[in-house]
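Q: Could you walk me through one part of this protein up close? I'd like a plain tour that I can follow on screen.

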Amino acid sequence: MPKVPLCPKCHVPLIQDMKGALIADVCPQCGGMLLSPEGWRIAQEDWEAALALENAYADTTAMPLLVLEMVCPLCEQPMDSFYPPQAPNLSVDHCPQCG
C-alpha cells in the first residue's frame, strides 16, 4: 500500500480530489495541494480547475500557520515558492527534485 503523503505545513494526511482533469492530493486543514508533474502541467492549462480545488479546501485552522521553509512531503527536500503570472494570488511551492 502506498504511503499517504502528509501536508508539509499541517502534518495531516492529504486526501485525493479531482476538478475537471486535475487530480491533486489536498490538505483538508489548510487547503494546500500536492500536484504531480502531470498535475502541474494540467493546472497550467486549466487554472480554473486549480482555483476550484483551492477554493473547495479553504484554510480551516483557527490561526493560519506561517511556514518559512516548506519541505516536499515525498522526498523531504526544501521547496521553492513562487506566484505564477496566470494566478498571481496563488502561492506555489515547487520541489526541484520531484518536479
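What is the order of the three strands in the open sheet, and in which sense do they pair?

A: Some ground rules before the tour. This is a predicted model, where local features need pLDDT of at least 70 and side-chain atom pairs count only at pLDDT 80 or more, while totals for chains, interfaces and linings use all residues. Residues are numbered from 1 along each chain as its sequence is written, and side-chain values use heavy atoms, with hydrogens and water left out.

Now the sheet. Its three strands run in the order β1-β2-β3, with antiparallel pairing. β1 (15–19) and β3 (33–34) stand at the edges with a single partner strand each, so one side of each has no neighbour in the sheet. Strands here are DSSP runs of E with at least two residues, helices are runs of H or I with at least four, and both are numbered from the N terminus. Two strands count as paired if DSSP finds at least two bridges between them.

Take β1 and β2 next. β2 covers residues 22–26, and its antiparallel pairing with β1 runs over five bridges. The two strands form a hairpin with two residues between them. Gly20 sits in that turn, with a positive phi of about 60°. Look across from Lys19 and you'll find Leu22 of β2 opposite. Helix α2 (residues 47–56) packs on this sheet and touches β1, β2 and β3, its direction making about 135° with that of β1. Contact means heavy atoms within 4.5 Å. For the angle, axes are lines fitted to C-alpha atoms (for helices, over the stretch in contact), and angles run from 0 to 180 degrees between N-to-C directions.

So how does the helix present itself? In α2, Trp47, Ala49, Ala50 and Leu53 are buried. Seen down the axis of α2, the buried residues fall within an arc of 165°, so they line one face of the helix. That arc is taken from the directions running from the helix axis to the C-beta atoms. As background, an α-helix has 3.6 residues a turn, so residues three or four places apart point the same way. The buried residues of α2 pack against β1, β2, β3 and α1 (37–45), whereas Glu48 and Asn55 are exposed on the other side of the helix. The cut-offs are under 20% relative accessible area for buried, over 50% for exposed, and partly exposed in between, using a 1.4 Å probe and protein chains only.

You'll find Met33 in strand β3, and it is partly exposed, with a relative accessible area of 28%. Leaving aside neighbours within four places in sequence, Met33 is in contact with Ala24, Asp25 and Val26, as well as Ala50, Leu53 and Glu54. Also, its C-alpha atom is separated by 9.3 Å from that of Asp93, 60 residues apart along the chain.

Zooming out, the protein has two helices and five strands, and along the sequence they follow the pattern β-β-β-α-α-β-β. Of its 99 residues, 35% are buried.

His11 is exposed, with a relative accessible area of 56%.
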